[in-house]
Amino acid sequence: MTTSDVQWPRPAGPLTLRQPTDADLDQILEWRNTPEVTRWLIRTEVEPRAFRKTWLDGAGDPNDHSAVAVLGDEVVGTGALWITDAMGQSHIDDGPWRRAEAGIGYILDPAHAGNGYATEIARALLDLAFGDLGVHRVTAGCFADNTASWRIMEKLGMRREQHGVRDSWHAELGWVDGYTYAMLAEEWRAAR
Ligand SMILES: CC(C)(COP(=O)(O)OP(=O)(O)OC[C@H]1O[C@@H](n2cnc3c(N)ncnc32)[C@H](O)[C@@H]1OP(=O)(O)O)[C@@H](O)C(=O)NCCC(=O)NCCS
């Protein structure tokens with residue numbers, strides 16, 4: 001599977017996921033560094049030039065399938081999807097573990113929070129990962145106190161596989177708990 005095999009745009013409930021234009025990135029930068037958005041992120045404030053470069057570089061990266069979510073003409077959020085190797089035994093060099101996992105993440109413009117949009121973005125990312133990209137497993141992590149984030153994963157049927165006790169460092173709160181959620185391809189198919 002290469003980047004060009006992934007078809008954009010893709011539906012995500014009332015939203016559409018697609019590759020960003022320069023104007024989209026301008027819109028995102030209007031809310032991306034606000035405290036409501038950065039509070040529970042690992043990558044907190046972004047520097048605009050580096051932010052643009054990351055999106056541009058990602059467009060040519062076969063392991064990066066990140067997209068912006070638009071409602072009409074407005075960019076209301078972003079979805080990130082990155083492919084990684086699973087754990088696997090090295091003597092089978094090109095074994096099924098190669099590029100078998102995807103990580104996902106989502107960020108919403110606070111002006112549009114509370115409408116189920118991030119759930120729709122995450123659902124579309126799972127669909128892309130298990131459908132077009134054919135991965136074996138998808139994972140996502142969050143601070144345990146980011147209730148809205150893990151509620152999304154639970155609504156979609158992902159399983160909390162790790163409750164890391166004080167495994168995550170937060171700039172204001174210090175060492176706090178983190179969660180990792182996961183789902184297998186067969187679980188995704190069974191749930192559809
Ligand atoms: C987290 C975030 C993506 C949620 O976006 P959203 O569009 O509001 O999410 P949704 O509406 O799809 O779903 C959120 C769910 O959490 C629930 N929820 C939100 N805050 C809650 C709280 N404090 N306590 C309990 N439930 C809460 C909502 O009720 C909803 O569940 P429901 O549909 O069962 O009612 C958004 O707030 C955001 O972008 N935050 C900043 C970036 C971030 O933290 N990203 C995730 C990094 S892991």
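Helices (H or I, at least four residues) and strands (E, at least two) are DSSP runs, numbered from the N terminus. This is a predicted model, in which local features need pLDDT of at least 70, side-chain atom pairs count only at pLDDT 80 or more, and totals for chains, interfaces and linings use all residues. Residues are numbered from 1 along each chain as its sequence is written, and side-chain values use heavy atoms, with hydrogens and water left out.

**View 1. The second largest pocket takes lining residues from H2 and strand E7 (159–170).** Each of these two elements supplies at least two residues of the lining. Here a pocket is an open set of points on a 1 Å grid over the protein atoms alone, where a 1.4 Å probe fits and protein lies on both sides within 12 Å along at least five of seven lines; lining residues have an atom within 4 Å of a point. Among the lining residues are Pro35, Thr38, Phe143, Trp169 and His170. The lining divides into 6 nonpolar, 3 polar and 2 charged residues (Ala, Val, Leu, Ile, Met, Phe, Trp, Tyr, Cys and Pro count as nonpolar, Asp, Glu, Lys and Arg as charged, and the others, Gly among them, as polar). About 190 Å³ of space lies in this pocket, a volume being the space filled by probe spheres set on the grid points.

**View 2. The ligand sits among 22 surrounding residues.** The closest are Leu108, Gly114, Thr119, Arg151 and Lys155. By type, the shell holds 11 nonpolar, 8 polar and 3 charged residues. H5 gives the most, with 6 residues.

View 3. Taken alone the ligand exposes 960 Å², and the protein buries 67% of that (Shrake-Rupley method, 1.4 Å probe).

View 4. The peptide bond from tryptophan 8 to proline 9 is cis, with omega near 0°; proline 9 is in the segment before strand E1 (10–12). Arginine 99, a residue other than glycine, has a positive phi near 50° and is in the loop between strand E4 (74–84) and E5.

Note on methods:
A residue is near a molecule or strand if one of its heavy atoms lies within 4 Å of it.
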